[in-house]
Every structure is written in C-alpha cells, then in structure tokens.
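Please look over the sequence and the model before reading on.

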Amino acid sequence: MKNKIVLVIACVFSVFTLQAEIKLPALFTDNMLLQQQGNAPIWGWASKNESLKITTSWDGKVYEVKADKTGKWKTSLQTPEAGGPYTISVSNGKETKLVNNVLIGEVWLCSGQSNMEMPLKGFPSQPVQGGNEAIVRSNNKNIHFITVPRATVLEPKEDFEGGWQVASPKTTANFSATAWYFGSLLQEVLDVPVGMIVVSYGGSNVEAWMNEEMLKDFDLALELPKKEEDLKSNPNRVPTTLFNGMLSPVIGYGIKGAIWYQGESNYERPFQYKDLFKKMVMSWRELWNQGEFPFYFAQIAPFDYARFHPNDNKEKFNSAYLREAQLKASKEIPNSGMAVLLDVGEFGNIHPAQKNKGGERLAYQALAKTYGFEGFEFESPEFNAMEIKGSTVTVSFNNVPNGVTSYDKEVVGFEIAGENKVFYPAQAVLRRKSVMLSSPQVEKPVAVRYLFKDFTKAEIFSTGGLPMSSFRTDEW
C-alpha cells in the first residue's frame, strides 16, 4: 500500500512538472541572433494561463507575459544596437530557461529551392566553386545561422527540430552556399553580427511556399492536397506543403529582409509565375507584419531545361520566359531587387558551381538599397529603349553609369525581326551605353531579342562585372 501511495505521488508530481514545463521553439535557443534596434518577437509554451517573466541581460529589463488557454505566449523584446553575447531568461517562478550566447545584429531569411539549399561542400559530384576554401576560412563568431529541416505537411507546424549554429568549418560545410556568400559579405562590410534563417527545399515550386488563402484567386495546374495520400508523390511540388511544414514555424521572427533563389521548378508555367511570386511576397510581408521588408531574389541561370521534353516543341519550354517573368516581377514588387546570373549557367547542371556570384550579387543589392552604401555597381544593365532608323536599331541601356563591355568578345546574341516575326542574328556594334543592330535579312526591324534562349551565356556586362538579363521587346 505504501509503495502505491509513493507511486501516485510520483505520477502527480510528473504531471505537474510536465504541465509547468517552459518550452521554447528551435528559433529561440543558444546562439540565436536577434534583429537590432527594434521590437523582436519571442514566443513559446507553458501551462495554460501561466504568468512568466522574461529578462534580457543587455538592459536588465523584465517583461511579464501570460500564456493563453492553450499554453502559448508571445511578446516582443526591445533590442539595442548590434552587440553581444547576451542571455535571455524565461521563468515561471518554478523553472527558468536560459538562452545563452545571444547576439544582436542583422537577420535575414533565406529561402527557395535547391540552388538556395546547395551547401558549401556541394551536392554529390556537383561541387561549389571555391566552396572548400570558403569552409576553411569560415570561423566567425559573428555569423550565426539556423536551417529548417525539410517537411511537407497538410497543416501549419509551430516548431521544428534544430538550433542555431556558430560559423565554423564544421558547421558551414553543410550550410547553404548562396546564403553563406550573402551573409558573410554583409558581416564583413557592416561589421556587425549577421544571422541567417534558411528555409529551402530542392525541386520546390512557388505554389508550395504559399498557403491556400494566397492561392485562392489562381487557376492552379496543381491541386491542393486534401489528405496524406496526396503528399506521397513530389510533396515539394504540392501547393501549401512547404508553407505549412517549413515556413510557418518561422513566420513572425524579427528579420531585416529576405533573399530568394527559386523558379527552376516553375519553368513550364512561366506566364503565371510573375503574379504568383508577387502574391507570395506581398502575403509573406503581411504575415510578418513588418511592413514592406526588403526582398531580393536571384534570376534563374540558363540550363538545358528542354532536355526534360525531348519530344516536344523546345520553344514551349524555353526558360527565358521564366527569367522574363522574374525581370518583370522585379519592377512590380516594391522594395525588391534581382541578381542576374546569366553568366554562371551550365548546360548540363541545373546547380551552377559559382554560388559566390549569386550570394554576393544579392548582398550588393542589400548593401546599396537597404544599408545605403554607395560607390559600387549593384544592379545589372537593363534594356531601356530602342530607336529604329531605316534598317538599324539602336538599343540603349539603364544601370550603366560607366558604360557596358563585352570584354573584347564579339557580341552575337542579339536577334532582330520584321513584321513577319521571323528573327535573324543581328550584327552588333557596341557603344558606351548602347548597341547598334542590323541584319541584311531584315530591312524594317520592329523587334529585338537578346539571348532569349533556354541555355545561353552572357555577352554584355557593366564595367562592374554584372551581366545583363536576357530580354525581348516583343510579346509574340
């Protein structure tokens, strides 16, 4: 009888302990990095209706918060200028959770598909150029990051398995190469701690990163999932699944902005992509409730996408249409910018090895547009206008303060067409901020295309080394 009483008491104590336990999400663990000079949200779980005190070591301030009837609580912490390390304590009077080595600095969300996911060590038999050197040199106590593991589910998740890591060769080898080159350049230039939250899944389409509300006005080629059975085949391409499984747990975490590298899995549906992407960005911003935070993205690199459709009309699957959709989106999404990667594509590899160019060009955008640095080029040359005189077309460019260059190589990627809509290769004479085009086959040109092909290599650059995007002046 005595043993039974002891057992009952032990069980009651265990239940009480379980109910009273403070639980913090993976985002709020040792080595976390909070956005500086703002109100950084923090949340977690405790017993229902329980009162908690949160203390921050940078100012000694105590925040009092009460869990709701489900046990969830949330508040915001006033963060100082960049610095650290600090501690955060969360206490209910019976138990205290300590979060150690907390840094304050700049936090960026890094999302997309495999070209964001690809680690510095590369994929099997697919290297990252210079990746090993970057890993060796990656010891940096002022760069912290966390990677959300792959997850495809029907309902939004609130947490995930993982934790923040401090940059070192051991940790960076498996970390996103694009995010690393972006964040490490920011940290070097800004000279403050930088944190990165990577939420990416190879082969994913944009619809998977949107919820049902975002998709309701679109005529989708892919059906919304209704049961677990719907997730068995290519779950990373099923609408809403990655929003639910991977993005949902990080929504609301204090960030400075986001970078995005995705689009390869939407190349077959390019004419819907611009509007889908615009809706996604707008909706993410609404969910974060931080205003129009910066959103910079990489234009997909050229690749032989048509190989996936050997018996079809190759023009139908020309990835230049997707690059065009991204270019148009960059003009319509406020506080955004696009890194052009027309010079890094590989004919037989959808994962370009030169990840440094994508990450650093995204950093150029952030440094110039978000942080106000000047004196360097951060935007690629762009088509401005065309002037037709007789059989000659003069095409002028924007974003070329110091002119354009082909690095002394012949420019052969332009085509012109007359009213018959038949394009012919154009002879090109490159000038400082324009190019003159003509073709003996086209007496009265009406349209111009530049490298508007599935796989191609950049020919025109700014003097800062940024390639011009493929483009067309027609809508044929």
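The overall form comes before the details.

This is a predicted model, in which local features need pLDDT of at least 70, side-chain atom pairs count only at pLDDT 80 or more, and totals for chains, interfaces and linings use all residues. Residues are numbered from 1 along each chain as its sequence is written, and side-chain values use heavy atoms, with hydrogens and water left out.

The protein chain holds 10 helices and 23 strands; these are DSSP runs numbered from the N terminus, with at least four residues (H or I) for a helix and at least two (E) for a strand. Its C-alpha trace spans about 105 × 50 × 40 Å along the principal axes. Of the 476 residues, 56% count as buried, meaning under 20% relative accessible area with a 1.4 Å probe and protein chains only.

Two strands pair if DSSP finds at least two bridges between them; strand S17 (residues 414–417) is joined to S18 by three. Across this pair, Glu 415 stands opposite Pro 425 in S18.

Gln 299 lies in the loop between strand S12 (295–298) and helix H9 (320–332). Gln 299 is buried, with a relative accessible area of 0%. Its side chain makes a polar contact (N or O atoms within 3.5 Å, one able to donate a hydrogen and the other to accept it; residues adjacent in sequence count only if both atoms are side-chain atoms) with the side chain of Ser 469, at 3.0 Å.

Note on methods:
Buried < 20%, exposed > 50% of the residue type's maximum accessible area, 1.4 Å probe, protein only.
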